Amino acid sequence: MPSLGTLASLKYFLPELTLVLTLLVVVAIDIALRGREDRRLGVILIALAGLVMAGVFTLMLTEAPQGGLFSRMLVLDQFGLLLRFLFILTAILVLLLSVPSRELAGVNQGEFFALLLGVTVSMMWMANSVNLLMIYLALEMVSVGSYIMVGYLKTERLSNEASLKYILFGAVSTGTMLYGLSLLFGLTGTLDLYGIRSALMNETTLAQAGPALLFTVILVFAGIGFKTAAVPFHFWCPDVYTGAPTPVTAFLSVGPKVAGFAVLVRFFFGGMGQPVGDGSWQIVGSVNWQALLIGVSVATMTLGNVAALLQTNLKRLLAYSSIAHAGYILMGAAVLSDEGIQAMLAYMVIYLFMNLGAFLVVMVVYDRLGSFDVKDYGGIWKRSPTLTIAMGIFLLSLMGIPPFAGFLAKFYVFAAVIRAGLAWFAVIGVLNSAVAVFYYMKVLKAMVIEEGTTDDTSRFVLHPVYAGLLVVMLVPNVVGLVLWGYLDQITEYSMKILETL
Amino acid sequence: MIPLEHYLVVSAMLFSLGLLGVLTRKNAVNVLMSIELIFNSANINLVAFSRFVSADFSGQIFAVFVIVIAASEAAVALAIVLSLYRIMRSVNLDEASVLRG
Amino acid sequence: MEELTFQIIFYVFAALVVGSAALVVLGPNLVHSAFALLATFFGVAVFYVLLGADFLAGAQVLIYVGGILVLLLFGVMLTHRIYGVALRTETIQFWPGMAVSVAVLATLIGIIYTTPWRQMGFAAVEGPTTASIGELFMNEYILPFEAASVLLLMALMGAAMIVRRRSDL
C-alpha cells in the first residue's frame, strides 16, 4: 500500500484522534467542574474512557493494510501496533497509579491527566514516525510534557530542581540531535527516512563521506540516548527520577524510554539499514556500528548496576536500575538482526510490569511511611506480608531470576546475542545481572529481616486502587514465563518494521 | 553567490559557542540563551541545505517547526526558573543544590 | 557589483552573529548577554533573507525576537539574583568546556570542507516563499502542523500552571 494522503489516513488514525479529543474534553471538564466535589472523579473517568477507547481502536488497526500515512509522515506497520498498545497500557496504569497518590493529592489532577494524554499521543507518534521532522516534533512533545509533569509539585523544591535540570539537559541533548538531523538532511537532501536510506545506499560519494555520517549519527544519538537514558546521556536520570513525583518517575521509566528505543530502531534499521534476508540487517557506512552499540550497551548497564549498589534512596536506586535495564535492551539493538528487535520488544513488554510494580510498592510505602529510604523499609514484612511478597516478586523479576518473567526478558536478549555469535557480550550481561542481585536483595533484606525505624507496627491497609494495580502488575510477572509462547508470537509479529514505502 | 560552506561554518561556530555556554555557564537563564544559539545554528543549516541541496522547501518547513518548538520550550523553561526562584529566594542561596549529581 | 554587495552583507552579518553569540556566552553581564542575543537573532534573520527564505525571516523576527527574547528578558529581570543552581556535582571549569567546544568546532569545520555536498546550484525558486510554504502546511505537512498545536496547548497549560500563584484553579 503506498502512502495515503490526509483524508484517507484519518480512518487509520482513530487511536490518536481519540486521545487528542479526550485531552481537550478533560481540559474542558476540568474547568467546567471547578469547585465541585466530583471534579476529580469526572476527570479520571473521562481520561480512562478515552484511553480504553483508543486501545480498542488500536486493536482494530491490526486488520489495516500497512503503509504510509499523512504523506509519509507516519507509517502503519506491525512494529508500531504493539508499541501503540503498550503506550496506551502504560498511560492507563500510570493514571490509576496516580489516583490514590499522596504526593499528587493536593494538586489539580485535571491538567496532569491532560499532559499524560498529550505525552501518550506523542509517544505513539514517536514510535511511528518516518520523517525527520515528525520524529523530532514528537520527541520534543514528549519531552516538553515530561518536563512539566516532573515539575508538577511546584511548591516542592526538589520537584522544581529536578524539572530545571531535566529541561536544561534535555534541551541541549535534543538541540544537538537537531543539529545532527540538519546535517543528515544536508547529506541526503530529504527528510523522509526511506528517502534517506536510498540516498545513503546509492551514492558512492556518501560512502566517501564516512566521518561525516559517523559524526552526524553520534549527534542524533545525543537525543536518543537522552530519551533512553543511555550512557553518556544519562546524567539527568537519577536527579530527575528522585525529585519528580513518584507516579511521574514511574511513567518516565517505562514510557518515554520505550519510545526512545522505538525511535532508535526506526532510525537505525529503517533509515540506515537494509535487511539482508536471513534476519540480520546491514547498516550503511563503513563504520563499525555494531561495535558502537555494544560499547554503549556495556557502558550503560555497567554504570547503572555499579552506581545502584551505592544508593540508599529507593527512587535513586530504581533510577540507576532503569539505566542498567536500558543497557540490556540495547544488547538487543546491538546484534543488528530481527531477532534482536524481537528481544528488545519482549524485554520492553516485561519491563513495563516489573518496573511499574516496583514503583507501585515504593509509592505505597511512601504514602504510609513518608520515606524513600531503604532503612525505613525495615519491618515491612510484619506490617504487610502481601506487600513484601509482591515486592519480592518484582525484585526477583528485575534480577532476572526464574520462574519470573524478568528471566524470560533476559533470556530473549542473551539468546539473541549468543545466536549472533557474540557470546562474550552475553557473558558481560550475565555478570551485570549478577551484580544487580546485590542491590535488589538489599531492599528485600531490609523489608524482611531488618527492624523498622519507627515504633509504629500497625498493619498496612492498601487503598483498593493500589491493591487492584498490585494484582494487575503481579500477574504478568508470575505467569509470564509460562505464557512465553504468546509473547513469542506477539513479538515475532511485531518485529517487522516496514521496509519500503 | 555565497557558497554553502560559508553558511555552514557560521552555524558550526554558533553551535560550538552554544555548547560552550551550556558547559560553562552557571546561570540558568544564560544556559537557556546558549540553547537558543544551538537551535538557531541548526536552523541555519536547515535553510542553507534547503536552498542548495534539496529541491523543495522541506528544510524551511522544518525550520519553522523548530522555531515553534523552541518557543514552547523557552516558555516552559522560564516558568520553571521562575517557580524555582520563588522557592529559593526564601532559602539560603549559598546552600548547595539539594540534588546531588 | 551586486555580487560584492551580497558578499559584504554576508561577512558583516556573519561577524555580527558570531560576535554577539560570543558575548552571550562569555559576557559577564546577563542583561548585556540578553541584548547580544537580540543581535544574534536579527543576524540570523538576515541570513534567511540572503538564502531566499523570506517567510522564515519574518517568522524569526516575530517569534524569536518578539516572543522568546522578550520572555528571556523578563526571566533575566525577574530572577537577577538566581545563580549557582549547580547542574552537576562538580562544577565544570571553563577550560575543559572550551576544549570540548573547540574540538567540536574543528571536527565540524573538517566535515564541512571535506564532504562533497551535492549541490543543485542556485537555480532554486526566487521570489516570495510564503504561498508555497502555506500550501505545504496544508497538504504534506498537515500532521505536524496539527501536532504542533497540541504541543503549544501542552506548553501553554503547563507553563501557566507552574507559574500561577493560586493553586486551587
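Biologist: How do you know what secondary structure chain C has?

Modeller: This is a predicted model, and a helix here is a DSSP run of H or I with at least four residues. Chain C has six helices and zero strands by that count. Along the sequence the pattern therefore reads α-α-α-α-α-α.

Biologist: How many of the residues of chain C count as buried, and what makes a residue buried?

Modeller: A residue needs 20 or more other C-beta atoms within 10 Å of its own. In chain C, 35% of the 169 residues count as buried. As for contacts within chain C between residues at least 6 apart in sequence, 53% join residues at least 24 apart.

Biologist: What makes residues of chain C and chain B count as being in contact?

Modeller: The C-beta atoms of the two residues must lie within 7 Å. With that cut-off, 74 residues of chain C are in contact with 64 residues of chain B. On the chain C side, H1 (2-26), H2 (30-50), H3 (54-78), H4, H5 (130-138) and H6 each supply at least two residues. H3(C) has the largest share, 12 residues. By class, this side of chain C has 56 nonpolar, 16 polar and two charged residues.

Biologist: And which parts of chain C touch chain A?

Modeller: That contact takes 24 residues from chain C and 34 residues from chain A. Helices H4 (94-114) and H6 (142-163) of chain C are the elements that give two or more residues to this side, and H6(C) provides the largest share, 13 residues. The chain C residues here divide into 18 nonpolar, three polar and three charged.

Biologist: How do you know how far to trust chain B?

Modeller: On the pLDDT scale from 0 to 100, chain B has a mean of 86, and 88% of its residues reach 70 or more. Over residues 90-96 of chain B, however, the pLDDT is below 50, and this stretch has two contacts beyond near neighbours in sequence. Where pLDDT is low, the predicted coordinates should not be read in detail.

Biologist: Why is the largest nonpolar group called a core?

Modeller: A core is a set of buried nonpolar residues joined through C-beta atoms within 7 Å. The largest one has 290 residues, and those with the most contacts inside it include Met126(A), Met348(A) and Val76(B). Helix H15 (residues 338-369) of chain A gives the most to this core, 22 residues. Setting aside residues up to four places away in sequence, Met348(A) touches Leu86(A), Val258(A), Phe261(A) and Ile329(A).

Biologist: How do you know that the length of H2(A) agrees with expectation?

Modeller: At 1.5 Å a residue, the 19 residues of H2(A) should span 27 Å, and the end C-alpha atoms are 26 Å apart, so the two agree. Buried residues in H2(A) include Pro15(A), Glu16(A), Leu19(A) and Asp30(A). The buried residues of H2(A) pack against H3 (39-60), H4 (78-98) and H5 (109-128) of chain A, together with H6 of chain C.

Biologist: What makes you say there is a kink in H19(A)?

Modeller: The bend is the angle between axes fitted to the seven residues ending at a residue and the seven starting there. In H19(A) the kink is about 25 degrees, centred on Met441(A). Among the buried residues of H19(A) are Gly429(A), Tyr439(A) and Tyr440(A). Their cover includes H13 (289-309), H14 (314-334) and H17 (385-399) of chain A.

Terms used. Residues are numbered from 1 along each chain as its sequence is written. Chains are lettered from A and ligands numbered from 1 in the order in which they are written. This is a predicted model: local features need pLDDT of at least 70, side-chain atom pairs count only at pLDDT 80 or more; totals for chains, interfaces and linings use all residues. Ala, Val, Leu, Ile, Met, Phe, Trp, Tyr, Cys and Pro count as nonpolar, Asp, Glu, Lys and Arg as charged, and the others, Gly among them, as polar. pLDDT is the predictor's confidence in each residue, from 0 to 100. A residue is buried if 20 or more other C-beta atoms lie within 10 Å of its own, exposed if 12 or fewer, and partly exposed in between; C-beta atoms are placed from the backbone. The expected span of a helix is 1.5 Å times one less than its number of residues.
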